[in-house]
Amino acid sequence: MQSTAEGPLPERAPDPYRDLLHQLDDGFCLVDVLFDETGETAVDYRFVEHNEAFVRHTGLQGALGKTARELVPELDELWFRIYGRVARTGKMERFERPANAMGRVFEVQAMRVGLPEDRRVAILFRDITSLRRAQADIRESMSGLEQSEARLRLITDDLPVLVSLIDDQFRYRFVNAGYERWFGVTKEEILGRSMEEVLGEAAFAVVRPHAERALAGTEVSYEAVAPYRLGGTRWIQAIYRPRRAPDGHIEGIVALVVDITERKALEEFRAHATAQTERLLRVTSAIAAAVSSAEVYAAIVDRVAEALGASKALLWSIEGDELRLAHSHGYAEEIVEAWKRVSLQDSQSLPVVDAVNRGEPLWFGSTAELAARYPAASLHFEPGPSRRYALLPLATPRQPLGALVLAMQSSEEPPEKERELLLLVARYASQALERLRLFSAERSARHQADAAASRLALLSRTSHAISAAELDLAARVQAIVTDISQAFESWVAVFLLKQDGLLHFEAAHHPIPEMRDAAAQRREPFPPLQLGEGLVGTVAATGESVLVNGIDPALIAARAAAPYRELLERLSPSAAISAPLRARGRVIGVLSVGRVRRGDSFTEEDRLVVEELAERAAVGIENSQLYEESRDARARAELLHRFGQLVAASERIETIFTAALDALQAIAFDRAAILTIDDDSILRLRAARGLEEGEQRALERRAPWQDGAEPLEPVPAGGMNSGDILLPLATRGRVSGALLVGTTEPLSSPHLGTARAIANYLSSVVARFGALAELQETLRYNELFAGILAHDLRNPVNAIMMAAQLLLMRLEGQTGDRTDARPVSKILASGQRMAKMVDQLLDFTRARSGGGIAVHPVPTNLANLCAQAVEELALVNPDWRLQREVVGDPNGVWDPDRLLQVISNLAGNAGQHGSARGPITVRIDGSDPGTVELCVHNEGAIPPEIVSHLFDPFHSARRVRERSQGLGLGLFIVREIVRAHTGTVTVSSTEPEGTAFTVRLPRTSPPTKRAPSG
């Protein structure tokens, strides 16, 4: 382990991972990010580990243990902000950025490792300065490529990338020396040959679509796996830029190709490591949550088997000179019974005994391999498929504890990775058994103490109360201080380290009720302590307990922290012990115990007892902290889920704003506001909670972010409370508003993360409702325009028709040649058609914008309307075979003009689109006393794919346009007229049966109010 002036460095990574990192060409380092006093702003970072390539990529020597500001004093502040954000949020960031103080450009990937409070970041990077400079040179040289080929070769031959010029026939016209290094052939052997010949058929199939896009004029950037004919299979990153001739046409492409195989391998390694860590976390969390021996055994066996995919598992614990079966998974009862007790002297017969005695794990790739080495064990094997076995001894550095056996049928991981994970599981299982052993020893010691002395009995009961207290943090800490106070008859207080790095007073208990009540009446909370401040701060900083006897006022004045000096002077403790609360080797707080009776003191034995109580209290406190964190995280996730459902289902943006404010208030934000940007780029308040009127007005100003700026980070809300923060509402880089959040309590990262998630929801909501409003406004203007156009066209059309009719009447009164009447007849026919289109367009506009087509029902004979419509159609279309049928009573209360329009449209469609060889039948059936049925039938079938769209507006415009006599609105208007009569219209169409449109009308239809026509 290396060390620095600041202290020992972290444990080194496992050798397989370390070897891989040191073999990388990319630079790698681990840094501890250093924050200011608030814990929110990163000010520096210290290098704790790096690989061999680190120095080559940075030029920094002797970096271990030093900070970035020590090595590069003028380093840009942005580097600290980025790594601070990664350390705080845990979100991996990938970026490319120049380090001006170093004169280099880096391509970087940064991700948090370890616990969030460690603030440790792993950085993988490469120096791409020469690459970017070369790319700039290449771009400058593109226009004169032929004239400067020698200079281009000089620039490109030393680049670690493939640079080539390819013509529009996919033939190489220029390549750099990188092609010789990749494919093992000379440049001369490549020039003039096609890409398929050089790369191979399989690799060319991968790159060809991208090359074709570049030849079409598009700059292309992509990553892919290329199975080269000569260079092997590689992950590549390629850029294809079109090369244009002086006349503007594309004569080829310039290609830049980089080998990113190592980077992809590292990404796969990182993904695998993450998956393995998640599986390990599931196991460790289950083990950590277990309390009783049965729960611990079940967590070790069942949860481990579930996480690792083991079909069978056994757990033995050592009792004397025997292994006793503690828990099993997947084995039959008779086998469990046979292995309940196993002698530790039988190492030759059973592999589990051998593993425990040797203290080393045993691995078997198959059942046959295990049976060949331990024949006696095969008597207890169950029939079935062969399995892979892992026999793991469980032990502490002091003594063996038992063994864990796992049988696995399959695994996606290579054996070495699986073994590393299993060894970690064995270590955690050993800790769990050790914890049980300690608990067992604790109970034994408690019983012995009960028999030996009442003081130790009180200690035992206190220890039990700590483990049995509620999971709620405040309740558990209060129970701890109360029980310890009663056991020692002393004043007890607990201080806990929070995310801000300060010691916060959490709870206290005084054995004297009057003093306890006086402390409870204190109105102002105690301020937090810095590490090293006073006795408590010193214990937290050093991790060592302190015992002080003979305390007098002078000592309190000299060593007590200022905020607590008055309290200690009132309590007047005669002695005190402060011990660190340590969980998993990390100090999480301090337990302080003070004698309140004058002359009382503590012994070294008392200090050991307090230290033991502090260790156990720390475990309970940490469990409560983890429980509260888990509960809060689950509550935040559920809140976001419910809010997301409301966002998806709500049709009013105000409802979503109210729900967002409710959600923020539920999280802990007692101040919140939602603002959107108006047409003048000013933030306008849309909803607020907990703000004064003056504060609401102060928020309406220009947004502090610019469209397209990256990244869009939260900013303090100037002119508001110090804890108020503005979060941007932005979609695709465009700022649409802001979300203000504020709280009187210290702002935690999880709460801020939840607020940002709500802000993201609101961004999409504002964008969605804004787009919907624009669309609705556009539709309204389109329909209004159509109505105005149709209305204004009616007068000129009528004038044309009237003039044509008058002229035709004059021509008919004349004798002689009648050929002059033909153009006039055509004008009249076209005018009638235009009038029909105008009427259809007006009906369509009224139906869409006026609440439907208006009808004025009067007593009507449907048979007479049918006869009129058929006669008019027959007059205009003498070649049509029109038939009428009437059954029953055809009378009802309807709008005759509109129903005449329905019959004419349906019969006209039948004549235009039906089969010419068959008749068109219009049948009226009035047999039903409540309804009358109108059916228009013709031969021929409508294609099935368009039947469902027949009644859509402008449908005929998408069909056979030359046979249509209107705008494609006829069937749409038919449906709207029928609906206005509260009736229905349906269609059936098959080749054998023909096509039939059926209208069903109630005999009495309610009148509707006609929409304004102007």
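Buried means under 20% relative accessible area, exposed means over 50%, and partly exposed lies in between (1.4 Å probe, protein chains only). The model is predicted, so local features need pLDDT of at least 70 and side-chain atom pairs count only at pLDDT 80 or more, while totals for chains, interfaces and linings use all residues. Residues are numbered from 1 along each chain as its sequence is written, and side-chain values use heavy atoms, with hydrogens and water left out.

**Exercise 1. Helix H14**

Task: State which residues of H14 are buried, and explain why the helix is described as largely enclosed.

Solution. Step 1: Helices (H or I, at least four residues) and strands (E, at least two) are DSSP runs, numbered from the N terminus. Step 2: The buried residues in H14 are Pro351, Val352, Val353, Asp354, Ala355 and Val356. Step 3: Helix H14 covers residues 351-358, and six of its eight residues are buried, so the rest of the structure largely encloses it. Step 4: Just after H14 comes glycine 359, with a positive phi of about 70°.

**Exercise 2. The largest nonpolar core**

Task: Determine how many residues the largest nonpolar core has, and which have the most contacts inside it.

Solution. Step 1: A nonpolar core is a set of buried Ala, Val, Leu, Ile, Met, Phe, Trp, Tyr and Cys residues joined through side-chain atoms within 4.5 Å. Step 2: The largest such core has 38 residues, and Leu862, Ile903, Leu906, Val922, Leu934 and Val999 have the most contacts inside it. Step 3: Among the elements that give two or more residues to this core are helix H28 (862-876), helix H29 (896-913) and strand S35 (994-1002). Step 4: Contact means heavy atoms within 4.5 Å. Leaving out residues up to four places away in sequence, isoleucine 903 touches Leu862, Leu865, Cys866, Ala869, Val922 and Leu934. Step 5: In soluble globular proteins, nonpolar side chains tend to be buried together.

**Exercise 3. Arginine 324**

Task: Describe the surroundings of arginine 324.

Solution. Step 1: Arginine 324 belongs to strand S14 (residues 322-329) and is partly exposed, with a relative accessible area of 27%. Step 2: Beyond its neighbours within four places in sequence, arginine 324 is in contact with Leu315, Trp316, Ser317, Glu319, Lys340 and Arg341. Step 3: One of these, glutamate 319, has a side chain joined to that of arginine 324 by a polar contact of 2.7 Å. A polar contact is a pair of N or O atoms within 3.5 Å; within protein, one must be able to donate a hydrogen and the other to accept it, and residues adjacent in sequence count only if both atoms are side-chain atoms.
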